Amino acid sequence: CGFAFASDSSFENPPTFHATDLLEPALLSGPHFKVDETVRNGGYLNHFVIHSDYGDFEAPGRTMLGIRLKEIAALARIAEISKTEVFIRSTKNAAVDVVVQPVKAAGSVVSDPIGTVTRLPRGIGRLLSRYAEEGRDVAESVSGAATDLVKGDSKDSGVNDLAQSGSSAAKSVLSINAAERRWAKQLGTDPYTSNTVLRKAIEDIAWFDGIGRLAPSLAGIPSIPGAGELVRLNDLAWEDPRTIRARNRERLVAMKIPEADIDAFLDKSALTPTHQLALLESLDALDGVAGREVLLQQALDKKSEPEIWFHLNSARLLAALRRDGVPVEKILPGSKLTIAATSDGRLITVLGLDHLVWTEDIDKIAQRFVAFIEPHTHASAEIWITGTASERAKEEIAALGLQLHERPLSSLNAS
């Protein structure tokens, strides 16, 4: 197969972009927010900082940007609701500031906005570093079956097994009550969001709803053009998490996923019901593809939210390629990268990133991809990404005998 090595030993420094060069006007600013003009790239994700009426929020990657902008719109709607006559009448015997105060106090979320712009969240750099330092023996990975990453202890497939979990994340999931999920649904936000400001505001307004029976219909919010295209919530996300868990187990069993992989996936504390539903959508779109359990195994290695969304977007990209007619036949075990074989002889890896630059980590990852696929007979080897790549990255990838394909994140949603 004759692969070449990278052209020289120097690497690119991750760039700093202007937000106006990356985002459409509707995502740059709105009635209650403005995205900072300085956007740092960590080698694969762009790090946005959003200044809002409710404080400054970090958004590692375009997916998180879309999520946070929708959440700021939700905070604005809650603030409006708290000032309405209906709300005041509904809560006349309670302290109205309980809802309003968390919104006003949100400025403390990021106490050093300038410092935030110049540093990157840990998850941005850590993921690719771990991929680059992956130490598995390639020959063993190619010939062997997927390693059992986590030993699942639970064998109970009922709706009570989530409650029986001792993890703090499971308890956090179960602490979101039905009223909070209902308000999150009306606001169009993730009930398990990591945005503590929004979580507190919804918790308060849901409590008032229980006292004064405030109409949830008041919660409708205008959409932010473009934000919804970056990530869409599954309608099941607002159901009882125990019901979601039971349904997810049934779906995975129907896919013939090994029981140990199912248990490990459902018990993974870093994966909320929202994350799990998103990955199952991709698995559904890959029906008939061998090795779908590999995507579950790879999810177990993700610890931070940027890492999780990187993996989810990689899976979404593979599912989108399949929908578009790429004959994906099998997902290959043995690598932290998602690598698939097609029935027409191609080997492809998918990366859910914003902008790829030729860093030392990316060089190592590309070399590992080449080493991984070398024993396989293939007509071509391809890297698909959800964003863009620097000219240097394109040149180096081509020098390795690999084909690079760019595809916008907004194009991944099923029609």
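**Strands, helices and cores in a predicted model**

Lys 256 is exposed, with a relative accessible area of 72%; exposed means over 50% relative accessible area, buried under 20% and partly exposed in between, for a 1.4 Å probe and protein chains only. The structure is a predicted model, in which local features need pLDDT of at least 70, side-chain atom pairs count only at pLDDT 80 or more, and totals for chains, interfaces and linings use all residues. Residues are numbered from 1 along each chain as its sequence is written, and side-chain values use heavy atoms, with hydrogens and water left out.

Lys 256 is placed in the loop between α14 and α15. Helices (H or I, at least four residues) and strands (E, at least two) are DSSP runs, numbered from the N terminus. Although Lys 256 is not a glycine, its phi is positive, at about 65 degrees. Most residues other than glycine have a negative phi.

Leu 252 touches Ile 257, Ile 262, Phe 265, Leu 280, Leu 283 and Leu 296, when residues up to four places away in sequence are not counted; contact means heavy atoms within 4.5 Å.

Leu 252 and Phe 265 also belong to the largest nonpolar core, which has 70 residues. A nonpolar core is a set of buried Ala, Val, Leu, Ile, Met, Phe, Trp, Tyr and Cys residues joined through side-chain atoms within 4.5 Å. The members that touch the most other members are Val 35, Ile 50, Leu 65, Leu 252, Phe 265, Leu 279 and Leu 318. Helix α3 (residues 62-81) supplies the largest share of this core, with 11 residues. Another core, of 27 residues, lies apart from it and includes Leu 45, Ile 339, Leu 351 and Ala 381.

Helix α3 is mostly covered, since 18 of its 20 residues are buried. From its first C-alpha to its last, α3 reaches 29 Å, close to the 28 Å expected at 1.5 Å a residue; the expected span is 1.5 Å times one less than the number of residues.

Strand β5 (residues 46-52) has 6 of its 7 residues buried, so it is largely enclosed by the rest of the structure. Two strands pair if DSSP finds at least two bridges between them. Strand β3 (residues 33-35) runs antiparallel to β5 and is joined to it by 3 bridges, with Ile 50 in β5 as the bridge partner of Val 35. Strand β4 (residues 38-41) pairs with β5 in the antiparallel sense over 2 bridges, and Arg 40 stands opposite His 47. The hairpin of β4 and β5 has 4 residues between the strands, and Gly 43 there takes a positive phi near 110 degrees. Strand β6 (residues 55-60) and β5 are paired in the antiparallel sense over 6 bridges, and form a hairpin with 2 residues between them. In β6, Pro 60 is the bridge partner of His 47.

Within strand β4 lies Val 39, which is buried with a relative accessible area of 0%. Apart from neighbours within four places in sequence, Val 39 is in contact with Pro 15, Thr 16, Phe 17, Ala 19, Leu 22, Asn 46, His 47 and Phe 48. The C-alpha atoms of Val 39 and Asp 21 are separated by 9.9 Å, and the two residues are 18 residues apart along the chain.

A search of the whole structure finds 1 aromatic pair. The ring centres of Tyr 44 and Phe 310 are 5.2 Å apart and the planes are at 85 degrees, so the pair is edge-to-face. Rings of Phe, Tyr and Trp (its six-membered ring) pair if their centres lie within 6.5 Å; planes under 30 degrees apart count as stacked, over 60 as edge-to-face and the rest as tilted. Because Tyr 44 lies in the loop between β4 and β5 and Phe 310 in helix α18 (residues 305-323), the pair ties together parts that are 266 residues apart in sequence. Tyr 44 is buried, with a relative accessible area of 0%, and Phe 310 also counts as buried, at 3% relative accessibility.

Thr 349 is found in strand β9 (residues 346-351) and, at 2% relative accessibility, counts as buried. A polar atom of the side chain of Thr 349 lies 2.9 Å from the backbone oxygen of Thr 338. Thr 349 touches Leu 337, Thr 338, Ile 339, Phe 369, Glu 382, Ile 383 and Trp 384, not counting residues up to four places away in sequence.

Note on methods:
Polar contact = N/O pair within 3.5 Å; in protein donor to acceptor, adjacent residues only side chain to side chain.
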